[in-house]
Amino acid sequence: EVQLVESGGGLVQAGGSLTLSCAASGFTFDDYAIGWFRQAPGKEREGVFCISSDGTTYAGVSAKGRFTISRDNAKNTVYLQMNSLKPEDTAVYYCAAVYGPCAPDNYDYWGQGTQVTVSS
C-alpha cells in the first residue's frame with residue numbers, strides 16, 4: 001500500500017519556524033520526486049517546493065529565500081524547513097510523489113495533508 005504521511009504542522013507565531021516531514025512507503029522512493037504543495041481556504045493549490053531523487057530542487061515563489069527542502073533516501077523521507085513564517089503561509093500542506101523528475105502537476109501519490117497556522 002502506497003502511503004505518504006505528513007507531520008510537523010501546527011500553530012506558530014509569525015517569524016517562527018516549522019519543519020514538515022513526509023514519510024513515504026509502498027513504492028520505490030528513489031525513483032520519485034517529492035513535491036510539497038499547499039492550499040489555503042478559498043485559494044487554489046500552490047506548489048511550494050520539489051526535490052528530485054538526485055537532489056535537484058525547485059522552489060515556488062513563496063518558498064524562495066525562506067524555505068529549504070531535503071530528502072533522506074535511506075529513511076524514505078522528505079523535509080520542508082520553513083523559516084520566517086508569515087500569516088499568509090497558513091494552509092494545509094501536502095506532499096506528493098511523481099515518477100521521475102520534479103513536475104508542476106500530475107503527481108501519482110498524495111498525502112493527507114498537515115495544517116500549518118501562522119498567527120500574527
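Predicted model: local features only at pLDDT ≥ 70, side-chain atom pairs only at ≥ 80, totals over all residues.
1. On the overall count, you'll find 2 disulfides in the structure. If you number the bonded cysteines in sequence order, they pair up as 1-3 and 2-4.

2. Take the Cys22 and Cys95 pair. The two sulfur atoms sit 2.1 Å apart and form a disulfide. This one ties together distant parts of the chain: Cys22 belongs to strand S3 (residues 18-25) and Cys95 to strand S9 (residues 91-99), with the two cysteines 73 residues apart. Both Cys22 and Cys95 are buried.

3. As for the handedness of that link, the torsion about the S-S bond of Cys22 and Cys95 is about 70°, which means the disulfide is right-handed.

4. Now the other pair. Cys50 is joined to Cys102 by a disulfide, with an S to S distance of 2.0 Å. Here, too, distant parts of the chain are linked: Cys50 is in strand S5 (residues 46-51), while Cys102 lies in the loop between S9 and strand S10 (109-110), and the two are 52 residues apart.

5. Worth a look while you have the model open: the torsion about the S-S bond of Cys50 and Cys102 is -95°, and this link is left-handed, whereas the Cys22 and Cys95 disulfide is right-handed.

Conventions. Residues numbered from 1 in each chain as written. Heavy atoms only, no water. Disulfide = S-S within 2.5 Å. Helix = DSSP H or I, 4+ residues; strand = E, 2+ residues; numbered from the N terminus. Buried < 20%, exposed > 50% of the residue type's maximum accessible area, 1.4 Å probe, protein only.
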